[in-house]
Amino acid sequence: MSEPDHAASLPDRPGEGHGPAEHSETVRYPSVVLITGAAAGMGAEHARALARRGSHVHLADVADCAPLVREITEAGGRATGHALDVTDRAGWRRVVDAVRAADGRLGGLVNNAGMSRRLRFMDTTEEVWERVMRVNLFGPFHGIQAVAPLMRDSGGGSIVNISSVSGQIGYFSPSYSAAKWGLTGLSKSAAGELAAWNIRVNSVHPGLVSTGLLAGSDGFVESARRSIPAGRLGEPREITDAVLFLLGDRSAYMTGTEVTLDGGLVSNGLYHRILDDAEGAL
């Protein structure tokens, strides 16, 4: 598929990094992007959107990415699938080596892979704690270390870490909350360290989003929805819009920043619920 001028065409200056530029009505996206947890859910939505904009998307997951690769290529896009357990440092190196061999460059990484175990504090076992931490926090750490040299050699790039509002509040599940809080700090640490390589690092913090991660939690979801001022769950495409913004050159001066997409839950959810429950009491 030929690349749209506004999407994956290479910048005039070397590499994928975005610096100050004259305003344009078009948006530039990295020509090569690696996405973890890409076989389904939000990761697949990010991949489809980037492929439509001309990026070669490398899809990495423990699940089979072949169906999505076929879908994207049959629609005229470019996609390559990779088997990757994000907790495996050697696996990350193999995937990055494959990206380098195929494209010679990398301009974007979306650390989207994640898992949740909704266990309360005293019910969380050591095994659950360690597994959730390894996937949700160790995985992005290994990924950033693995891709940074190739991004540097490509002239820079953008890393987007998919965190959660659970990394901004005291969430009841300690493993998930601690991992997502840690990912916020990891993003800021990496942003400061990698700025010299023209690599930006930001985190996205969705609230409740309609994906398979919420399957079997109808009571929890409905109770949470009543605390969301917007009155609904988010849609994967709404999170994708934020990811696209952070990967594109319109966010060239953003790094070390959190972007929250939660329908107002974090900022106003508590009193929204209190007022609803105490209707007429004021």
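## Overall make-up

Of the 282 residues in the protein, 49% are buried, where buried means under 20% relative accessible area, exposed means over 50%, and partly exposed lies in between (1.4 Å probe, protein chains only). This is a predicted model, in which local features need pLDDT of at least 70 and side-chain atom pairs count only at pLDDT 80 or more, while totals for chains, interfaces and linings use all residues. Residues are numbered from 1 along each chain as its sequence is written, and side-chain values use heavy atoms, with hydrogens and water left out.

The protein holds eight helices and seven strands; these are DSSP runs numbered from the N terminus, with helices being H or I of at least four residues and strands E of at least two. Contacts here mean heavy atoms within 4.5 Å. Among contacts with a separation of 6 or more, 70% are between residues 24 or more positions apart.

## The sheet

Seven strands form an open sheet in the order β3-β2-β1-β4-β5-β6-β7, with parallel pairing; two strands pair if DSSP finds at least two bridges between them. β3 and β7 (258-261) stand at the edges with a single partner strand each, so one side of each has no neighbour in the sheet. From one strand to the next, the twist averages 20°. Such angles run from 0 to 180 degrees between N-to-C directions, using axes that are lines fitted to C-alpha atoms, for helices over the stretch in contact.

Let's walk along part of that order. β4 and β5 (residues 157-162) run parallel and are joined by four bridges, and Val110 stands opposite Val160 in β5. Six bridges then join β5 to β6, again running parallel, with Ile199 of β6 as the bridge partner of Gly157. Eight of the eight residues of β6 are buried, so this strand is largely enclosed by the rest of the structure. Ile199, Val201, Ser203 and His205 point one way from β6, while Arg200, Asn202, Val204 and Pro206 point the other way.

Asn198 is not a glycine, yet its phi is positive, about 60°. Asn198 is also partly exposed, with a relative accessible area of 32%.

## Helix α3

Helix α3 (residues 89-103) has 15 residues and spans 21 Å from its first C-alpha to its last, close to the 21 Å expected at 1.5 Å a residue; the expected span is 1.5 Å times one less than the number of residues. Its buried residues are Gly91, Trp92, Val95, Val96 and Val99. Viewed down the axis of α3, these fall within an arc of 130°, so they line one face of the helix; the arc is that of the directions from the helix axis to the C-beta atoms. An α-helix has 3.6 residues a turn, so residues three or four places apart point the same way.

The buried residues of α3 pack against β1 (32-36), β2 (56-61), β3 (78-83), β4 (108-111) and α4 (126-153). On the other side of α3, Arg94 and Ala101 are exposed. At the start of α3, a side-chain oxygen of Asp88 comes to within 3.1 Å of the backbone nitrogen of Ala90. After α3 comes Gly104, with a positive phi near 75°.

Helix α1 (residues 41-52) lies across β1, β2, β4, β5 and β6 (199-206), at about 170° to β1. In α7, the buried residues include Ile239, Val243 and Leu247. The buried residues of α7 pack against β1, α1, β4, β5, β6 and β7.

Beyond its neighbours within four places in sequence, His142 is in contact with Val86, Thr87, Arg89 and Trp92.

## The loop around Pro229

Pro229 lies in the loop between α6 (218-225) and α7 (236-247). This proline is partly exposed, with a relative accessible area of 35%. Not counting residues up to four places away in sequence, Pro229 touches Gly263, Gly264, Leu265, Asn268, Gly269 and His272. Pro229 and His272 are 43 residues apart in sequence but 6.2 Å apart in space, C-alpha to C-alpha.

Notes
Polar contact = N/O pair within 3.5 Å; in protein donor to acceptor, adjacent residues only side chain to side chain.
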